[in-house]
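I opened a new page for this structure. These are my notes on what I looked up, in the order I looked.

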Amino acid sequence: MVVPELGRVHRSGRAVAVDHLRLLARVARMYHEQGMRQPEIAAALSISQPRVSRLLKEAITRGIVRTVVVLPDGVHTELEEELQRRYGLRDAVVVDTGGARGDVIPALGSAAAAYFDTTFTGGDVIGISSWSETLLAAVERMHPRNTQVADRVMQVVGGVGSPEAQVHATRLISRLAGVTRARPVFVPSAGVVGTPMVRDALLQDAAVVEVMAQWRELTVVLVGIGSLEPSPLLLRSGNAVGHADQEELRSLGAVGDVCLHFFDAQGDVVDSAFDRRVVGIDVETFRAVERRVAVAGGERKYSAIKAALRGGWINVLITDLDVAERLLAEPV
C-alpha cells in the first residue's frame, strides 16, 4: 500500500525536496494502486522507463511503499516459522483440521501428501515406518510422478506380524514406491519378536543384514510418532506393545516412540526389555538420516510429539493447529 503521510525524509543527510517526494508518491500510486504498467507511467509523466523503475525502488527504500503479506485462511506460516525457530526444525507444516478433534488423520494426510509431492525431487532413498495410519493416508493421496523422484523406498521396521500387518506394510511401501517410481525394499521379519535371542539371530540373517546395510544410505525417513497406548492399527498388526511391556515402559517414564524405540518426556531413549526385541532401524542410524519427517497430531499424541522434538528425533514436523499452538504456548 502507499503511505499517505511522508513526514520528513532524508537522503545522505540532506532533506529531500518535496517535489521529489511528490513524484515518488505519484509514481508509486500509479503503479501499485492504479495498476498502470511502467511504460504507461513513463509516457504519462514524460520520463524514461528506467527512471520509473528507479523511482519505484526508491519508494520502497524510503518506506513510501510497504509490502504486507496477508495469509489466506488455513495457512499458518507464522506458526510454522516459530516452530522451526523454537525447536530447531528444518521445516514445519501446520494444518487446520477444521475442528475435527477426534480424527485429524485426513487433514494431516493431505498436508503430508502435498509436502512429499513438493520435496521429493529426485535421487532420494526414502525410509518409512510401516505402522502409521497417517502415513498411509498421506501416501494414498500422493500423485503419481511421470519421472523417477526416488531411488528406493525402504521399510525401516519389520512388517511380518499377522497377515493383516503384512498386507498393510506391503500396501504402504508399494504405493509410495509406485508414485515415486522407486524400488521397494522390505524387511523380511516381524517388527517385534518373542525374545532378544530371536532378534539377535534374525539380525544375523543374510536377507536382514542386506536391508540393514542399506539403511545407512537413507536421505529421508518418514515416521509417525506413537504414544504409550498403541494405536488400533498396531494392536491389529500383532506387533503391539503387550500389557507387561507397557507396564515396564510406563515405570521407566516412557511417553512415546519413533520406529518402536520408546523415549521419556525429555526425548531420551528408555532402555527396556521391549527395545531389545524390536527388529528395525537402530537409534544411531536413524538419527544420522539428514531429513527426519514426522506426521503426527491430535491431543492423544501431544506429549509424545513434544518429547520427540525435545530429543531431536525429528527435524521436520507436520502436525495440526491445536498441537502447534500448544507447543508454542508451553515452555520447551
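**Entry 1: the whole chain.** I began with burial. Of the 332 residues in the protein chain, 51% are buried. I keep in mind that this is a predicted model. Next I counted elements: the chain has 14 helices and 12 strands. Then I turned to contacts between residues at least 6 apart in sequence; 72% of them join residues at least 24 apart.

**Entry 2: α1 and α3.** How do helix α1 (residues 18–33) and helix α3 (residues 49–61) cross? Their axes come within 9 Å, at roughly 100°. An angle from 65 to 115 degrees counts as roughly perpendicular, so α1 and α3 are roughly perpendicular to each other. I listed who touches whom. From α1 the contact uses H20, L23, L24, V27, A28, Y31 and H32. From α3 it uses R51, V52, L55, L56, E58 and A59.

**Entry 3: α14.** I moved on to helix α14, residues 321–329. Which of its residues are buried? I found L321, V323, A324, L327 and L328. Looking down the axis of α14, I see these buried residues within an arc of 165°, so they line one face of the helix. I then asked what they pack against. The partners are α4 (77–87), β3 (91–95), α13 (302–310) and β12 (316–320). I also checked the start of α14. There, a side-chain oxygen of D320 comes to within 3.1 Å of the backbone nitrogen of D322.

**Entry 4: α13 against α14.** One of those partners, α13, got its own entry. The axes of α13 and α14 are 11 Å apart, and the two helices pack at an angle of about 55°. That makes α13 oblique to α14. I noted the handedness too: α13 passes α14 in a right-handed crossing. On the α13 side, the residues that meet α14 are Y302, I305, K306 and L309. On the α14 side, they are V323, R326 and L327.

**Entry 5: K306.** I stopped at one residue of helix α13, K306. Is K306 buried or exposed? Its relative accessible area is 7%. Buried means under 20%, so K306 is buried. I set aside its neighbours within four places in sequence and looked for what remains. K306 is in contact with Y87, L327, E330, P331 and V332.

Terms used:
Residues are numbered from 1 along each chain as its sequence is written. This is a predicted model: local features need pLDDT of at least 70, side-chain atom pairs count only at pLDDT 80 or more; totals for chains, interfaces and linings use all residues. Side-chain values use heavy atoms; hydrogens and water are left out. Buried means under 20% relative accessible area, exposed over 50%, partly exposed in between (1.4 Å probe, protein chains only). Helices (H or I, at least four residues) and strands (E, at least two) are DSSP runs, numbered from the N terminus. The arc is that of the directions from the helix axis to the C-beta atoms. Contact means heavy atoms within 4.5 Å. A polar contact is a pair of N or O atoms within 3.5 Å; within protein, one must be able to donate a hydrogen and the other to accept it, and residues adjacent in sequence count only if both atoms are side-chain atoms. Axes are lines fitted to C-alpha atoms, for helices over the stretch in contact, and angles run from 0 to 180 degrees between N-to-C directions. Angles under 35 degrees count as roughly parallel, over 145 as roughly antiparallel, 65 to 115 as roughly perpendicular and the rest as oblique. A crossing is left-handed if the near helix is turned anticlockwise from the far one by less than a right angle, and right-handed if clockwise.
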